[in-house]
Amino acid sequence: MKPDVPPLTTQIPILQRAQEFALRTAIADSSGESAYGQLLQASARVASALLAGRADLQEARVGFLIPPSFDWVAVQWGIWLAGGVAVPLCLSHPSPELRHVLEDTQAEAVVFRPDLSGPLEEAAGGRKLFRSDHLLEGDREVELPPVDPSRRAQILYTSGTTSRPKGVVTTHRNLRAQITSLTRAWGWSSRDRILEVLPLHHTHGIVNVVGCALWSGAVCEMLPHFDAAEVWERFASGRLTLFMAVPTIYVKLIRFWREQPSTRRRELSQASRRMRLMVSGSAALPVSVLEEWREITGHTLLERYGMTEIGMALSNPLEGERRPGSVGFPLPGVHVRLVDDGGQPIRQEGEPGEIEIRGEAVFLEYWGQPEATRSAFRKGWFRTGDMAFLENGYFRILGRRSVDIIKTGGYKVSALEIEEALGTHASILECAVVGVEDEEWGERVCCAAVCRPGQTLVLDDLREWGRQRLAVYKIPSRLEIVAELPRNAMGKVTKPEVRKLFEGPGDQGERLPRAEGGG
Ligand code: AMP
């Protein structure tokens, strides 16, 4: 049977691919299953409504506020088909943050699902507003413009875990490079079926999950947001082959599993064993989480390292040893090197350096910030701002140079290494380590920790315990017990917020009154 899809003439790589899969299921969401052909048709309708008589959007920015679903993809593809630049908006952002993105990108229009109009009333500021259901019901009337893959496709705002978010511009060619590197490395095929639970204003969900699935002719199941019970339910269905998430999601899934009766635990464990791959990234995966997950599901999480600006760069292998605490080695087509402070390449194992990246996957520019773009590159290499070292051929991430490399008493220490060690303390559920300015030490190592239920922790005991495991200058000299760590919409800890917990003089010494007794 021929698909009922008017052929689209497009040079946009992922849409060209989609035509080959017209009859296959692309998306499964709360409204059922839809084929690639339906997605293409819906996208063309969105494109013609956005064009409204014009020949080409000429890279006009279009924001969209839609939960993960068929409609989300149809709008992303519709913007692309019309020659526009897709600006996916964060569902949990309040009006001022949405307004920042819309103003910064000078978006000409916003597409929104009707029930999400609330925050847009203040944020949209006179821009054209389109209800997604109206766009998707329209007719496809117009000729679509030719869109060369070198054109701008998308602007994503970086997580802002260390500074004010910047708009990262990627072209269609960048996106193709980011996707094909992963589909090759992780063995994607049209037999795959993945569950998408990540927010779709961030590269992890957009490229690694949705982009790779639809490039491969696979099925992407979409939940409107993460829900541990629902995810385990989907694992239990036995239909999924793949899952990708951030470490905090795995922590929540572990907690949910532990709360189930033993027969149910067994069922869930058995079902998840049948999947072919589970991936973790976007933040450091504690070894204890990797081990617990392996116990429960039999899967050794594949940890990888990437960034909005570059897609994914380093990955543990699909086949072969996945080393806990490491992020593996360069992905296909990605050139990676470590450099010292003077920009000289480091060749020696064990010596820390900043990660620099080259390749077709590297973004085009920071939107409207030529100076920031220029200073982000050194002789054609993108400076990630992340520090790492090589250990027996595998890269290990030390953290972001600006917040995670703490200079204390003449030593440079990695917050990530300390967090990993403290995370093994029986009372600590999770923790974040920061350096706080200090006259005596340069920076003082400070730790914000969440205690396990029923547990407490005092600084003296933590320091005593730490002496067996860490060099003395790495052991926190201030401790703050918190109910939860400050995180952004992606679930990543926002270190400037953690630092604020330690503002003020502290006690110059061994303990902080508020640190005691749990809380
Ligand atoms: P984003 O652009 O929001 O994806 O943030 C990218 C940043 O997340 C990187 O620059 C790293 O600092 C951090 N990151 C990503 N993956 C990992 C990982 N596997 N381990 C440690 N940090 C990571």
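## Ground rules

Helices here are DSSP runs of H or I with at least four residues, strands are runs of E with at least two, and both are numbered from the N terminus. The model is predicted, with local features needing pLDDT of at least 70 and side-chain atom pairs counting only at pLDDT 80 or more, while totals for chains, interfaces and linings use all residues. Residues are numbered from 1 along each chain as its sequence is written, and side-chain values use heavy atoms, with hydrogens and water left out.

## The open sheet

Let's start with the strands. An open sheet is built from nine of them, in the order β2-β1-β10-β9-β11-β12-β13-β14-β15, with mixed pairing (two strands pair if DSSP finds at least two bridges between them). β2 (32-35) and β15 sit at the edges, each pairing on one side only.

Further in, β12 (residues 277-280) and β13 (residues 302-307) pair in the parallel sense, over two bridges. Across that pairing, Val-279 stands opposite Leu-302 of β13. Helix α10 (residues 247-258) packs on the sheet and touches β11 (242-245) and β12; contact means heavy atoms within 4.5 Å.

## A covered strand pair

Now for β7 (residues 152-157): five of its six residues are buried, meaning under 20% relative accessible area with a 1.4 Å probe, protein chains only. Its partner is β8 (residues 167-171), which runs antiparallel to β7 and is joined to it by five bridges. In this pair, Ile-155 stands opposite Val-169 of β8.

Val-327 lies in the loop between β14 (311-315) and β15 (329-330). Why does Val-327 count as buried? Because its relative accessibility is 4%.

Leaving aside neighbours within four places in sequence, Val-327 is in contact with several residues, among them Leu-314, Phe-395 and Ile-397.

## The largest cavity

The largest cavity is lined by 18 residues, with Ile-14, Trp-80, Leu-175, Ile-179 and Gly-211 nearest its centre. A cavity is a set of points, on a 1 Å grid over the protein atoms alone, where a 1.4 Å probe fits but cannot get out; lining residues have an atom within 4 Å of a point.

Which helix gives the largest share of this lining? That's α8, with six residues. At least two lining residues each come from α1 (13-20), α3 (70-81), α7 (172-185) and α8 (203-216).

Note on methods
Buried means under 20% relative accessible area, exposed over 50%, partly exposed in between (1.4 Å probe, protein chains only). On a 1 Å grid over the protein atoms alone, a cavity is a set of points where a 1.4 Å probe fits but cannot get out, and a pocket is an open set with protein on both sides within 12 Å along at least five of seven lines; lining residues have an atom within 4 Å of a point. Axes are lines fitted to C-alpha atoms, for helices over the stretch in contact, and angles run from 0 to 180 degrees between N-to-C directions.
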